[in-house]
Amino acid sequence: MRTARLAAAALAVLAATACGGGAAAPKAAGSATFTVTADLPPAKGPVDAVTWALYAEPQSLDYAYAFDYPPNTVLANVCEQLMRITPGFRVEPGLAAKAESPDPGRWVYTIRQGVRFHDGSPLTADDVVASMRRHMDPAVGSYWVSSYQNVKSVEKTGPMEVTVHLKKPDHLFNEQMGTSAGTIESAAFLAAQGAGYGTPDKGVNCTGPYSLDKWEKGQAITLKRFDGYWDPALKARAATLRNVFIPDPAARVNALLSGEVDGSYLVPTTGFTRLGSASSGKLYFGPNTAAVSLIPLDLKGTLGDLRLRKALSMALDRKAILQASVAGVATPAKAPAAIGAWGIAPEAAKQYYAKLPELSTDLEGARKLVKEAGGTGKKIVIATSTMAPDIGVIANAVQAAGQAIGLRVEQKAVAPDAYSALFSDPKARQGIDLVMTIWYDSTPDPLEFYGILQTGNFSNYGGYSDPEYDRLVDQAGAEADPAARAAVVAELQEIAVRDMVWIPLYEVPHSMFLNKRLTGAPTGITQLVYPWAAVLGSAN
């Protein structure tokens, strides 16, 4: 769901686990005691086949549209990026053997030798140029276009060298080359498949440890081990990986309990209790960069009045919401970006976060704000869906809170397969004022989130615009030193909280259930960009 984009637990736990390791979160009011486990024991041997559950069928496997959990969970094993984001939240060389910024206006990538696509053709600089330029092509309509907003051109500058020329300094750009924005596909394959690229009939042709075997529409996507893979450390342990689509949360939990399915990420919160005591496997909580928030989708509508956004926030009982939606395995949030998203400066992040105001419940104060703004009786429409139980729980809580302070909140049901479209298609958002999101960062840099609130950004859904905010985004992007960049992002965080651009709710850890016969898979959110299935193997 960038529902879509479900972070981690208590503040100390989040900061610690961003760099690996595990710790027990203390029991706090409104939350449960649980342990964040960053690493599992490595696999002891190979396995023939693994069956994995996805909560929805990907709409496409085109990396330009891989902006949600299901497609990225599949593509992380099939397609690779110029840079690689590891389970420890480090950005390392990937298909680029080296990345350099010789001056503030350029990023130069030396392409790795000896890499082959799944059809056997060699990786070249031409493939890199073609893959990157697609994000800048309006005809493609890439969901990752904002990653290239500061790019002037992408050029081949050597047999195995590509240079990105920038309009302005952008250090986040190189980190985002570890996401779908940096995915590399065969230029010849892209040209041959045209508009059919990434569909069930045409597929993809990348360089990852798994290749696409078959896509059974409405049922499953099966991957097979690619024996020509270039990186021995990530050679796939399982011969095949079958990703099955199980939209119904109860059915997904039952499949995990019975052993019909070996594992799943983003486990239904309604199944935490049963899966936590399962004999078939174990429920894990891993490091996360995500937070659950409400996004005002139209700042020219009813929620364009800051007083009404603040009033709605003040009316919410976050501790009650997280108990009802995630069985208490969470902590109330103070900002729209999770503290786990501050991998570049985890210790400083705790200090920045501590300075933010507590988002406490104050119904009387909320009612006064509504009256002051002349908002009594005004309508707010919130999207709801059966896609995940917590969406409905939150929609009901918002409706009750709004009505308690004089607002008229209506729910609009959205089909599960259409919920993700709210985050990519402006037409799908028409008539909706508010949507619940589980928003994750793919990089360890909080600028990735706060940058999307810059004027004109693809993911700036409400149309927020503030000149000082825009200036600070550019300033942060120009900072090469991570600590200095984080300090500027802290200013952005304060403004975003002050203006209630998004309404923060709570943070949860990333969840994974794994059958007891298996081990090795990363537990954290980096499974969306790291070849998680390659390290999955036998526990015995």
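Two strands count as paired if DSSP finds at least two bridges between them. Helices (H or I, at least four residues) and strands (E, at least two) are DSSP runs, numbered from the N terminus.

The model is predicted: local features need pLDDT of at least 70, side-chain atom pairs count only at pLDDT 80 or more, and totals for chains, interfaces and linings use all residues. Residues are numbered from 1 along each chain as its sequence is written, and side-chain values use heavy atoms, with hydrogens and water left out.

**Figure 1. The E7-E8 hairpin.** Strand E7, residues 96-100, pairs with strand E8, residues 106-111, in the antiparallel sense over 4 bridges. A hairpin of 5 residues joins E7 to E8. Glu100 stands opposite Val108 in E8.

**Figure 2. The disulfide between Cys79 and Cys206.** A disulfide is a pair of cysteine sulfur atoms within 2.5 Å. A search of the whole structure finds 1 disulfide. In the Cys79-Cys206 disulfide, the sulfur atoms are 2.1 Å apart. The torsion about the S-S bond of Cys79 and Cys206 is about 65°, so the disulfide is right-handed. The pair links distant parts of the chain, 127 residues apart. Cys79 is in the loop between helix H2 (69-75) and strand E4 (80-81), and Cys206 is in the loop between helix H5 (187-193) and strand E12 (210-216). Cys79 is buried at a relative accessible area of 2%, and Cys206 is buried at 0%. Buried means under 20% relative accessible area, exposed over 50%, and partly exposed in between (1.4 Å probe, protein chains only).

**Figure 3. The nonpolar cores.** A nonpolar core is a set of buried Ala, Val, Leu, Ile, Met, Phe, Trp, Tyr and Cys residues joined through side-chain atoms within 4.5 Å. The largest nonpolar core has 123 residues, and those with the most contacts inside it are Tyr109, Met132, Leu294, Tyr419, Tyr450 and Tyr506. Helix H16, residues 482-498, gives the most to this core, with 8 residues. A second, separate core has 36 residues, including Ala66, Tyr210, Leu514 and Leu536.

**Figure 4. The protein chain as context for the close-ups.** The protein chain has 16 helices and 25 strands. Its C-alpha atoms fill a box of roughly 65 × 55 × 40 Å, taken along the principal axes. Of the 540 residues of the protein chain, 62% count as buried.
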